[in-house]
Amino acid sequence: MDNAALQQYIEQQQTRYIEELKEFLRISSISTSPQHANDVYQCAEWLAHAAKAVGLENVQIFPTEGHPVVYGDYIHAGDNAPTVLFYGHYDVQPTDPLNLWTNPPFEPTVRDGKIYARGAVDDKGQVFMQLKALEIHTKVIRELPVNVKVLIEGEEEIGSVHLEKFLREKLHMLAADTVLISDTAMFADEVPSICYGLRGLCYMEIEVTGPNRDLHSGVFGGAVANPANALAKILAALTDSYGRITIPGFYDDVIPLTDEEREQYRSLPHNEEEYCRELEIPATDGEFGYSTLEKTSARPSLDVNGLWGGYTGEGAKTVLPSKAYAKVSMRLVPNQNPQDIAHKFEKYVVQIAPPTVRVRVRALHGGRPVITPTRSKGIQAAMRAMEQAFGKKPFLTREGGSIPIVLLFQDILNAPVVLMGVGLNTENPHSPDEHFTLKNLYRGILASALFYKELASIWHSDKY
Ligand code: BES
Ligand code: MN
Ligand code: MN
């Protein structure tokens, strides 16, 4: 089948695609919340069923100490053909604040050519897209020119805590020449890109304790250290007026941008004014001397994700709280190591905390930063496939988000990773009204189907 015929087939399937994707999106597979553990399991079962339906074989749900992993394969292209491992995640982020959703997060709705639901773009919609691409090969073309393995986990949004063990235990089952992932964004709508770098993550929690109970702020205020005030000082001291992170040794392992990379960044279409307007911010912020694109993908950052303690209800309550908390995440770049950064963070926070309070620091989860080899055949095949499906040559970009397992695929399976995502950063992943643009879903199905064809055709050529 030529591309026009494939495109026509995909067009004819749109209604069915939307109905199937809605089923997937209705399952509230929120991995972080114990009340949803059963929904996460149901989602794995739905996926296993869907994997069988598209023709995958050896489909299995593997239990882990956390949420299960779904596996399936289709290995009929022979020993000479490359083996691709597709990885994605079926778990989703929590949905709060619920009142900001136009429609409930697990009641998928199509509006203006977009499908709205938690997980629509991150990552159920993109996992679905890959399954439909495989379906085209197994059921329509009736030939898949590469061997394919599919691994879809339920713990990506909580740091892929049990996946490393699974990888090490199932090395043989998962062995592959290339790993394909669709869990990133394109540079912008109508601006296709392949992502070759992701930031890592180090996520910490700080607990500051003052007096042994909440106190009347009039009776004790002034003499007893307030943990919320102390926490504010600690957080303020984590960055300086140049937007640099002050934790000693924080930048030790950061690989600086080369002139060539900075030149490449400058060549990407970015409009600072439009960026600020869309976000309704007066100006951008951050590390002095770097551009917005550099700051959000190739330089580390530190953000308070949540801050609480004392009275946060309506109106006023005069109280000097006993405790205050903050959740702080740091995005890391090669070659920073999350454990090392967690250690440096803890040491520094304890050191700068006022002696009048007690402070406890905990590391929640982490993920290592990664750069993927852009000269790999996988990336070359993805570039060709994206160009045909989106009608434009894709840019090569780095992104600021994290997918914790990517580096381990490269280290443990020794297989280069291809990040071929078709989401948009403006589609509200992790936020209310998350959505996925349907035209990108359809083109993404085409691009993914073509990826396998392109990879098979260049696999034995010396040109790449
Ligand atoms: N799909 C995202 C990662 C991502 C986002 C890549 C945007 C590129 C652009 C993934 O599901 C995610 O959200 N990862 C978490 C990491 C995790 C350890 C919680 C993240 O980046 O916050
Ligand atoms: Mn994701
Ligand atoms: Mn996510």
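Biologist: Which residues are linked in a network of salt bridges?
Modeller: That network joins Asp 189, Glu 190, Lys 392, Lys 439 and Arg 443. Keep in mind that this is a predicted model.

Biologist: How many salt bridges does the count come to?
Modeller: The count is 25 salt bridges. In general, side chains of opposite charge can pair when their charged atoms come close.

Biologist: OK, what do Arg 384 and Glu 454 do?
Modeller: Their side chains meet in a salt bridge, 2.8 Å from N to O. Arg 384 belongs to helix α13 (residues 377–390) and Glu 454 to helix α15 (residues 438–458), so the bridge ties together parts that are 70 residues apart in sequence.

Biologist: And is Glu 454 buried or exposed?
Modeller: Glu 454 counts as buried because its relative accessibility is 10%, under the 20% cut-off. Arg 384 is partly exposed, at 30%.

Biologist: Let's stay with α13. How many of its residues are buried?
Modeller: α13 is mostly covered, with 10 of its 14 residues buried. Among them are Lys 377, Ile 379, Met 383, Met 386 and Phe 390.

Biologist: What covers those buried residues?
Modeller: The cover includes the strands β7 (178–181), β8 (193–198), β16 (395–399) and β17 (417–419), and also α15.

Biologist: How far does α13 reach from its first C-alpha to its last?
Modeller: It reaches 20 Å, close to the 20 Å expected at 1.5 Å a residue. Just after the helix, Gly 391 takes a positive phi of about 75 degrees.

Biologist: You listed Lys 377 as buried. Where does its charged end sit?
Modeller: It sits over the ring of Trp 459, 5.8 Å from the ring centre.

Biologist: Which ring does Arg 244 lie over?
Modeller: Arg 244 lies over the face of Tyr 251, at 4.0 Å from the ring centre. Arg 244 also forms a salt bridge with Glu 287, with the closest N and O atoms 3.1 Å apart. That bridge links distant parts of the chain: Glu 287 is in the loop between α10 (272–279) and α11 (292–295), while Arg 244 is in the loop between α8 (227–236) and α9 (259–266), 43 residues apart.

Biologist: What about burial for Glu 287?
Modeller: Glu 287 is buried, at 6% relative accessibility. Arg 244 is partly exposed, at 32%.

Biologist: Switching to something local: what do the side chains of Arg 16 and Glu 20 do?
Modeller: They meet in a salt bridge, 3.0 Å from N to O. Both lie in helix α2, 4 residues apart, which is about one turn of the helix.

Biologist: Now the aromatics. How many pairs does a search of the whole structure find?
Modeller: It finds 9 aromatic pairs. Take Tyr 17 and Phe 128: their ring centres are 6.3 Å apart and their planes are at 85 degrees, so the pair is edge-to-face. Tyr 17 is in helix α2 (residues 14–25) and Phe 128 in helix α4 (residues 124–141), 111 residues apart, so this pair links distant parts of the chain.

Biologist: Are those two buried or exposed?
Modeller: Tyr 17 is buried at 0% relative accessible area, and Phe 128 is buried at 2%. Phe 451 and Tyr 452 form an edge-to-face pair too, 5.5 Å centre to centre with 70 degrees between the planes. Phe 451 is buried at 0% relative accessibility, and Tyr 452 is buried at 0%.

Biologist: How many residues are in the largest nonpolar core?
Modeller: It has 68 residues, and those with the most contacts inside it include Phe 24, Leu 441, Phe 451 and Tyr 452. α15 gives the most to this core, with 11 residues.

Biologist: What is Leu 441 in contact with, leaving aside neighbours within four places in sequence?
Modeller: Leu 21, Gly 125, Phe 128, Met 129 and Phe 436.

Biologist: What about another core, apart from the largest one?
Modeller: There is one of 29 residues, and Tyr 251 is among them, along with Ala 230, Ile 245 and Val 333. Tyr 251 is also the ring that Arg 244 lies over.

Note on methods. Residues numbered from 1 in each chain as written. Chains lettered and ligands numbered in written order. Predicted model: local features only at pLDDT ≥ 70, side-chain atom pairs only at ≥ 80, totals over all residues. Heavy atoms only, no water. Phe/Tyr/Trp six-rings, centres within 6.5 Å; stacked < 30°, edge-to-face > 60°. Helix = DSSP H or I, 4+ residues; strand = E, 2+ residues; numbered from the N terminus. Buried < 20%, exposed > 50% of the residue type's maximum accessible area, 1.4 Å probe, protein only. Lys NZ or Arg CZ within 6 Å of the ring centre and 35° of its normal. Salt bridge = Lys/Arg side-chain N within 4 Å of Asp/Glu carboxyl O. Expected span 1.5 Å × (residues − 1). Contact = heavy atoms within 4.5 Å. Core = buried A, V, L, I, M, F, W, Y, C linked by side-chain atoms within 4.5 Å.
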